[in-house]
Amino acid sequence: MKQNNNEVQYIWHDGATIPEDLLISMAKTAGCYESAKPYLFSLMAHGLNHGIRNYIYKVNEIRDYYHVVPIPIAKEMGQDTTCNQTHHADVARKLYKAMNQEGRELVVTNSLKLLLTNHRNLFCSKTDWAGIYLVIKDRLNGRISKTRFTRLMMNLTRDWWPGELQIGERTLSNFGRCVAYKDRLEAYYDMDNNPWAELCDTYWNLLMQQILTQN
């Protein structure tokens, strides 16, 4: 399994993989620091296992939330974190989260139009919608369901997307048949064999550019 510090991270906690943002939210709504500790342990274990050094900042964020003294941080860690925060992918994700619904729909629509115009060869069948879904879920919104994604894409593309490639209510129902069992819970960039690898990489670059240049 490959790891990239600038991607949405899925953290193992009590037998389940949970998106990083959701796990942090769960820690902050635990009620007290003692109840939040198991989430902190999972964050620290994930950072240690995958070499993500700046996870100490996420732990301290939760400690500070409960008015607990933060863990001291080495000077070089501050330099590493500053570099990570300026990375384009990280900035794009933060900008997207700050957008209202109209802004999010605009950047998704514009990036899909660019994909269709300049990379039509990468989108050859309805099953390729799975690649678009994975990008939005793994890069920007770890909580989005297949059903919600499908409804959103139907609303955004029904008037201009090629008829034979338009997404339908059951388009993503065959996702499991296209992905190896061991990869089904992985983010697309961590899969050993992603059937939509080139599509995902290309679409993310288009979508990221749209987010970063959106006024």
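Reply: Let us begin with accessibility: a residue is buried under 20% relative accessible area, exposed over 50% and partly exposed in between, with a 1.4 Å probe and protein chains only. The model is predicted, so local features need pLDDT of at least 70 and side-chain atom pairs count only at pLDDT 80 or more, whereas totals for chains, interfaces and linings use all residues. Residues are numbered from 1 along each chain as its sequence is written, and side-chain values use heavy atoms, with hydrogens and water left out.

Me: Is His67 buried or exposed, and in which loop does it lie?
Reply: Helices (H or I, at least four residues) and strands (E, at least two) are DSSP runs numbered from the N terminus, and His67 lies in the loop between helix 3 (55-65) and helix 4 (75-85). Most residues other than glycine have a negative phi. His67, although not a glycine, has a positive phi of about 60 degrees. Because its relative accessible area is 76%, His67 counts as exposed.

Me: What is the relative accessibility of Asp14, which has a positive phi?
Reply: Asp14 is not a glycine either, yet its phi is positive, at about 55 degrees. The residue is found in the loop between strand 1 (10-13) and strand 2 (16-19). Asp14 counts as exposed because its relative accessibility is 66%.

Me: Why is the pair of Tyr133 and Phe149 called edge-to-face?
Reply: Rings of Phe, Tyr and Trp (its six-membered ring) pair if their centres lie within 6.5 Å, and planes under 30 degrees apart count as stacked, over 60 as edge-to-face and the rest as tilted. By this rule the count comes to 10 aromatic pairs. In one of them, the centres of Tyr133 and Phe149 are 5.2 Å apart and the planes stand at 65 degrees, so the pair is edge-to-face.

Me: How many residues apart are Tyr133 and Phe149?
Reply: Both Tyr133 and Phe149 are buried. Tyr133 belongs to helix 7 (residues 129-140) and Phe149 to helix 8 (residues 146-157), so that the pair links distant parts of the chain, 16 residues apart.

Me: Which residue has its charged end over the ring of Trp160?
Reply: Trp160 and Trp161 form an edge-to-face aromatic pair, 5.4 Å centre to centre with 70 degrees between the planes. Trp160 is partly exposed at 26% relative accessible area, whereas Trp161 is buried at 3%. A charge sits over a ring if NZ of Lys or CZ of Arg is within 6 Å of the ring centre and within 35 degrees of the ring normal. The charged end that sits over the ring of Trp160, 5.3 Å from its centre, is that of Lys113.

Me: How far from Arg63 is the nearest side chain of opposite charge?
Reply: Arg63, in helix 3, is buried and has no salt bridge, a salt bridge being a side-chain nitrogen of Lys or Arg within 4 Å of a carboxyl oxygen of Asp or Glu. For charge, Lys and Arg count as positive and Asp and Glu as negative, while His and the chain ends are not counted. The nearest side chain of opposite charge to Arg63 is that of Glu34, at 9.0 Å.

Me: Which residues is Tyr33 in contact with, leaving aside its neighbours within four places in sequence?
Reply: Tyr33 lies in helix 2 (residues 33-50) and is buried, with a relative accessible area of 17%. The C-alpha atoms of Tyr33 and Tyr66 are separated by 5.9 Å, although the two are 33 residues apart along the chain. With contact meaning heavy atoms within 4.5 Å, and those neighbours left aside, Tyr33 is in contact with Leu40, Arg63, Tyr66 and Val68.

Me: Within what arc do the buried residues of helix 5 fall?
Reply: The buried residues of helix 5 (residues 88-98) are Ala89, Asp90, Ala92, Arg93 and Tyr96. The arc is that of the directions from the helix axis to the C-beta atoms. Seen down the axis, the buried residues line one face of helix 5, because they fall within an arc of 160 degrees.
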